[in-house]
Amino acid sequence: MERLRHDDPSHIGPYVILARLDSEAAERTVPERRYLGRTADGERTVLVCVPRTGADPSRWAVEAEGARRLSVPRFLHVAEVGGTAGSPWYASPYTPALPLQAVLAAYGGPLPEDTVRRLGAALAQALAALHAQGVTHAGLSPAAVLVTPGGPVLTCFGAVRAAAPDGTRRSGLPGLDPGCLAAEQASGGRPLPPGDVFALGAVLAYAATGHTVPEQSELPPGLRTLIGSCLSSDPAFRPRSVREVLGELVAPGAGPTPSGDLPEAPYAHTGTVLDHGTVPLPGRVVAALAAQSAALLALELPTPQQPFTTAQKVH
């Protein structure tokens, strides 16, 4: 959570803006401007997002509405979409949440391999459920992963589509981490599930090393082959689906099932690392989440300024 800057809005829709979610250092790879806000009566606190400069606001609004209609576990619940065609916004109920960059900062560096596996498995489950509906995330990156007390949730749905909806070259566009863009998407191809597999590999690499484009020697030996295959420039050499990635994260070296993939229900496995539905977080990350919540609770709504009145002459 960061202090507001002079160019930040004081209000978005019905919400008074209290703070920014992302640090200034991280925001160049965040495809949305994300704020913490509260209703004027102080009753509700929300995460409220608006498109960043360079995005297509109309397409961004379409993607926001698409996210609102999604019913996928571990996707950020979008409760409201509002604004105008040129200035759209969406809001989600607030829960303590740290972007993945802030998680590594709180921990003091890359995460342990077991935590990376659990985090990745949760994200792979979410993407598997999304792909089963025939939808591609098209925006997965470290910035799109918010870690909450209940584990990670995915945000920034459709960021690639909103950044360049006309199919023009997307590489290097503001807010899109180039290390998370598959070659076929960077050259203007339509976002498809293999692109999400690539982006998931980049997120795993970031969690394990602090970089989305690491050297092979930086990767933990137990994740080196999996992440390397996800980051292949040729989709044919990547895992065939996020379900296959999930299988390798849950049961390293077991390979695909005889049917060639994991069972159809992505939550039906027995003995997986996520049977309890949560991702255990390091103590320093839990402390950072608690600190964010306490700091936000301590913030008071700005006092409304009294209207200016002309002084009366006294005779």
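The lining of the largest pocket divides by class into 16 nonpolar, eight polar and four charged residues. Here Ala, Val, Leu, Ile, Met, Phe, Trp, Tyr, Cys and Pro count as nonpolar, Asp, Glu, Lys and Arg as charged, and the others, Gly among them, as polar. The model is predicted: local features need pLDDT of at least 70 and side-chain atom pairs count only at pLDDT 80 or more, while totals for chains, interfaces and linings use all residues. Residues are numbered from 1 along each chain as its sequence is written, and side-chain values use heavy atoms, with hydrogens and water left out.

The volume of this largest pocket is about 500 Å³. A pocket is an open set of points on a 1 Å grid over the protein atoms alone, where a 1.4 Å probe fits, with protein on both sides within 12 Å along at least five of seven lines; lining residues have an atom within 4 Å of a point. Points are joined across faces, edges and corners, and the volume is the space filled by probe spheres set on them. Of the 28 lining residues, Ser23, Ala26, Gln101, Ala102 and Tyr206 are the closest to the centre of the largest pocket. Strand E7, helix H2 (100-107) and helix H9 (283-298) each supply at least two residues of its lining. Helices (H or I, at least four residues) and strands (E, at least two) are DSSP runs, numbered from the N terminus.

Take H9 next. Its 16 residues should span 22 Å at 1.5 Å a residue, and the end C-alpha atoms are 23 Å apart, which agrees. The expected span is 1.5 Å times one less than the number of residues. Which residues of H9 are buried? They are Val285, Leu289, Gln292 and Leu296. Seen down the axis of H9, they fall within an arc of 60 degrees, so they line one face of the helix. The arc is that of the directions from the helix axis to the C-beta atoms. An α-helix has 3.6 residues a turn, so residues three or four places apart point the same way. Gly283, Leu297 and Ala298 are exposed on the other side of H9. Buried means under 20% relative accessible area, exposed over 50%, and partly exposed in between (1.4 Å probe, protein chains only).

Three strands form an open sheet in the order E7-E8-E9, with antiparallel pairing. Its edge strands, E7 (98-99) and E9 (151-154), each pair on one side only. Two strands pair if DSSP finds at least two bridges between them. E7 and E8 (residues 145-148) pair over two bridges. Pro99 has Leu146 in E8 as its bridge partner.

Now the second largest pocket. Its volume is about 220 Å³. Arg5, Arg20, Glu27, Glu32 and Arg33 are the closest to its centre, out of 13 lining residues. By class, the lining has two nonpolar, one polar and 10 charged residues. Strand E3 (residues 32-39) gives the largest share, four residues.

E3 runs antiparallel to E2, joined by five bridges. Tyr15 has Thr39 in E3 as its bridge partner, and Ile12 stands opposite Tyr15. Strand E2 (residues 15-20) is mostly covered, with six of its six residues buried. E1 (residues 11-12) and E2 form a hairpin with two residues between them. In the turn, Gly13 has a positive phi of about 55 degrees.
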